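Please consult the sequence and the structure while reading.

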Amino acid sequence: MTALRKWLFAGLLVLVPLIVTLWVLDWVVGTLDQTLNILPTSWRPDAWLGVHVPGLGVLFALVIVLSIGALASNIIGNKLVHWWHALLHRIPVVRSIYSGVKQVSDTLFSEKGNAFRKALLVQWPHEGMWTIAFLTGSPQGDLLDQLQARPGTPEDEFLSVYVPTTPNPTGGYFVLLRARDCVELAMSVDEALTYIVSMGVIVPGGPRNPKIKLAADAESQP
């Protein structure tokens, strides 16, 4: 039974990451293949090839993104983009949704963006308990004035910090912390994300099976 249990877990360690990876790839490819539906039926690859080839939608979507990027990079395209943004900002409901999404996308995909550029060590959710967080920026304007008006924080510098959950880092908490309460880590953002997703199993720069010494173990030793 011990050997069977060992083989079972060994097999799961091999198959589960592979199955999840294939499932995600299948979902991504299947979703991007839907972009071919914007073409007329006679223009679609399925019509003139006579067979469905998975992945052609990925290439088609890549061509669309590159074409839009090339168009938006020149003077005429840039003016059209500004005109489009101004038009969407005039629509009451769409304006709120579009502007919020655009600010997030500008921060994440812009070459000058600073989102998730640094991994931090912060005390969360209370003092004495530590977790990994990511620096997203710093508060400004009235928000900073209100923070510095709190007792004991007149000259403190504050940071905007995102505290992710594990094993799904896409959910988390946005908090404002004093800079002196945050410790910048030497690990990269990718290493920090791997550490979070693995729930602390994969330690960046550490041994594969680190020795863990608990308080009960220490008390049992003479």
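This is a predicted model: local features need pLDDT of at least 70, side-chain atom pairs count only at pLDDT 80 or more; totals for chains, interfaces and linings use all residues.

Q: How many helices and strands does the protein have, and what pattern do they follow?
A: The protein has eight helices and five strands. Along the sequence the pattern reads α-α-α-α-α-β-β-α-β-β-β-α-α.

Q: What makes β4 and β5 edge strands?
A: Five strands form an open sheet in the order β4-β3-β2-β1-β5, with antiparallel pairing. β4 and β5 (183-184) each pair on one side only, and are the edge strands.

Q: How do you know that β1 and β5 pair?
A: The two strands are joined in the antiparallel sense over two bridges. The requirement is at least two, so β1 and β5 count as paired. In β5, Val 183 is the bridge partner of Leu 121, and Glu 184 is that of Leu 120.

Q: Why is Ile 132 called buried?
A: Ile 132 has 8% relative accessibility, and therefore counts as buried; buried means under 20% relative accessible area, exposed over 50% and partly exposed in between, with a 1.4 Å probe and protein chains only. Ile 132 is in strand β2 (residues 130-137). Leaving aside neighbours within four places in sequence, its contacts include Leu 120, Val 163, Met 187 and Ile 196, where contact means heavy atoms within 4.5 Å. Ile 132 and Ile 196 are 64 residues apart in sequence, yet 7.7 Å apart in space, C-alpha to C-alpha.

Q: Why is Met 199 called exposed?
A: Its relative accessibility is 58%, so Met 199 counts as exposed. Met 199 is found in the loop between α7 and α8 (215-220). Met 199 also has a positive phi of about 60° although it is not a glycine.

Q: What makes a set of residues a nonpolar core, and which residues form the largest one here?
A: A nonpolar core is a set of buried Ala, Val, Leu, Ile, Met, Phe, Trp, Tyr and Cys residues joined through side-chain atoms within 4.5 Å. The largest has 10 residues, among them Leu 120, Val 122, Leu 135, Val 163 and Cys 182. β1 (118-123), β2, β3 (158-164) and β4 (172-178) each give two or more residues to this core, and β3 provides the largest share, three residues. Apart from this core lies another, of eight residues, including Ala 119, Ile 132, Met 187 and Ile 196. In soluble globular proteins, nonpolar side chains tend to be buried together.

Q: Why are α3 and α4 called roughly perpendicular?
A: The axes of helix α3 (residues 56-73) and helix α4 (residues 75-88) cross at roughly 100° and come within 5 Å. Angles of 65 to 115 degrees count as roughly perpendicular, and α3 and α4 are therefore roughly perpendicular to each other. Axes are lines fitted to C-alpha atoms, for helices over the stretch in contact, and angles run from 0 to 180 degrees between N-to-C directions. The contact involves Leu 71, Ala 72 and Ser 73 of α3, and Ile 75, Gly 77, Asn 78 and Val 81 of α4.

Q: Where does helix α7 lie, and at what angle to β2?
A: Helix α7 (residues 189-197) lies across β1, β2 and β3, and runs at about 140° to β2.

Terms used. Residues are numbered from 1 along each chain as its sequence is written. Side-chain values use heavy atoms; hydrogens and water are left out. Helices (H or I, at least four residues) and strands (E, at least two) are DSSP runs, numbered from the N terminus. Angles under 35 degrees count as roughly parallel, over 145 as roughly antiparallel, 65 to 115 as roughly perpendicular and the rest as oblique.
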